[in-house]
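Here are a few friendly notes to read alongside the model. Please keep the structure open as you go through the points.

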Amino acid sequence: MQVQSESKPYDDINITPMLDLAYVLLVIFIIMTTATVQGMKVNLPKASAAPSLAQQTTKAITVANDGKLFLDTIPVTLPELEQRLVQQRSLTPEFPIVVRGDAQTQYQNVVDVLDMLGRLNFTQVGMATKPVAR
């Protein structure tokens, strides 16, 4: 009968110390992130539930499926839209505009609105889209 020698190399990887280190680091990370999120305790002031009297600065132009135009929720024609935007610009020099077009609308209707905004030198113009469902 042969006795195994003590000098044989240990060929298994012991992952226990690595897991212990990972758990300690995880606990430290959790403690540090919750400590930084909470911050100082202060007595916050209460806001009123009344709606704000400040006017909304962003204007939404909607091009419906049938080609009708809306400024926010008010139906307008293209010349009326141009006139109202010029009036708004006299009150507020720079304000963002969001163009919303129905997916089934004719492309020319949206291009007409964008062309008019370009002629009036509006620089803050965005197009609203719906995110793709996954």
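1. Start with the side chain of Thr105: one of its polar atoms lies 3.1 Å from the backbone oxygen of Ala64. That is a polar contact, meaning a pair of N or O atoms within 3.5 Å, where one must be able to donate a hydrogen and the other to accept it, and where residues adjacent in sequence count only if both atoms are side-chain atoms. This is a predicted model, in which local features need pLDDT of at least 70 and side-chain atom pairs count only at pLDDT 80 or more, while totals for chains, interfaces and linings use all residues. Residues are numbered from 1 along each chain as its sequence is written, and side-chain values use heavy atoms, with hydrogens and water left out.

2. Is Thr105 buried or exposed? Thr105 is buried, with a relative accessible area of 13% (buried means under 20%, exposed over 50%, partly exposed in between, with a 1.4 Å probe and protein chains only). Thr105 sits in the loop between β4 and α3; helices (H or I, at least four residues) and strands (E, at least two) are DSSP runs numbered from the N terminus. Leaving aside neighbours within four places in sequence, Thr105 is in contact (heavy atoms within 4.5 Å) with Val63, Ala64, Asn65 and Val110.

3. Now look at the sheet. Its five strands run in the order β3-β2-β1-β4-β5, forming an open sheet with mixed pairing (two strands pair if DSSP finds at least two bridges between them). β3 (74–76) and β5 (125–127) stand at the edges with a single partner strand each, so one side of each has no neighbour in the sheet.

4. Strands β1 (residues 59–63) and β4 (residues 97–101) run parallel and are joined by five bridges. Among the partners in β4, Val99 pairs with Ile61 and Arg100 with Thr62. β4 is also parallel to β5, through three bridges; there, Ile97 has Val125 as its bridge partner.

5. Which residues have the most contacts inside the largest nonpolar core? They are Ile61, Leu81, Leu85, Ile97, Val113, Leu117 and Phe122, in a core of 16 residues (a set of buried Ala, Val, Leu, Ile, Met, Phe, Trp, Tyr and Cys residues joined through side-chain atoms within 4.5 Å). α3 gives the most to this core, with four residues. Val113 touches Ile61, Val63, Leu69, Leu78, Leu81 and Val99, leaving aside neighbours within four places in sequence.
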